[in-house]
Amino acid sequence: MGGGAFVLVLALAVALAKSAAPAERKCQLSGLWRNDQDSLMEISMLRDNGDFHGQYLTRVTVSGGCAQVSPLRGAQQQLGGEGWPTFAFTVRWDKFSNATTAFVGQCFVDAGGKETLSTMWLLREAVGSLEEDWKATRVGRNVFTRKRTTKGKILPSLSPPCEAVSSPGP
């Protein structure tokens, strides 16, 4: 094979590898995730229609109080196996706060296989009047990475025993 043919074959192989990479490195939401604030999220079921549920254990609270495992529900955009899926979910902090957080994000896998969820969130806390509405919503960003563990629901075992009431942050 001549030098020109070798370069052509090499260029074709690189192009094919790049175009096939996202499909081979498919991002799966199910499992345990840790964010940049050390909070944990466990997505335990992803249905065929994209709906999912799980649990969230925040390590961040506004008042510094004790947080407990909270339920989450969401949906993933179905892409037919191509690209990086987008998703949204909500967390009800009802066991220790009168607040709800809505997350939106996208799942990525890098060339080394590291899975990352890049998210933005809005936290809505209850206030006592319309005049206080201006201070009721916070916005932020979290990046989650997959935490490798044995299978099974583990967040309840990591939740601290406490009775404190506090306001969470994602």
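The model is predicted, so local features need pLDDT of at least 70 and side-chain atom pairs count only at pLDDT 80 or more, while totals for chains, interfaces and linings use all residues. Residues are numbered from 1 along each chain as its sequence is written, and side-chain values use heavy atoms, leaving out hydrogens and water.

- Strand β1 (residues 31-35) pairs with strand β9 (residues 137-146) in the antiparallel sense over three bridges; pairing requires at least two DSSP bridges.
- R34 stands opposite T145 in β9.

**The core**
- The largest nonpolar core has 23 residues, and M41, Y56, F89 and L117 touch the most other members.
- Such a core is a set of buried Ala, Val, Leu, Ile, Met, Phe, Trp, Tyr and Cys residues joined through side-chain atoms within 4.5 Å; buried means under 20% relative accessible area, with a 1.4 Å probe and protein chains only.
- β7 (99-109) is among the elements that give two or more residues to this core, and β7 supplies the largest share, four residues.

**The surface patch**
- V104, M120, L122 and V139 make a nonpolar surface patch of about 370 Å².
- Patch residues have over 30% relative accessible area and no salt bridge, and nonpolar side chains are joined within 5 Å; a salt bridge puts a side-chain nitrogen of Lys or Arg within 4 Å of a carboxyl oxygen of Asp or Glu.
- M120 lies in strand β8 (residues 115-125).

Technical notes:
Patches are made of residues with over 30% relative accessible area and no salt bridge: like charges are joined within 9 Å, nonpolar side chains (Val, Leu, Ile, Met, Phe, Trp, Tyr) within 5 Å. Accessible areas come from the Shrake-Rupley method with a 1.4 Å probe; for residues, only the protein chains shown count as cover. Buried means under 20% relative accessible area, exposed over 50%, partly exposed in between (1.4 Å probe, protein chains only).
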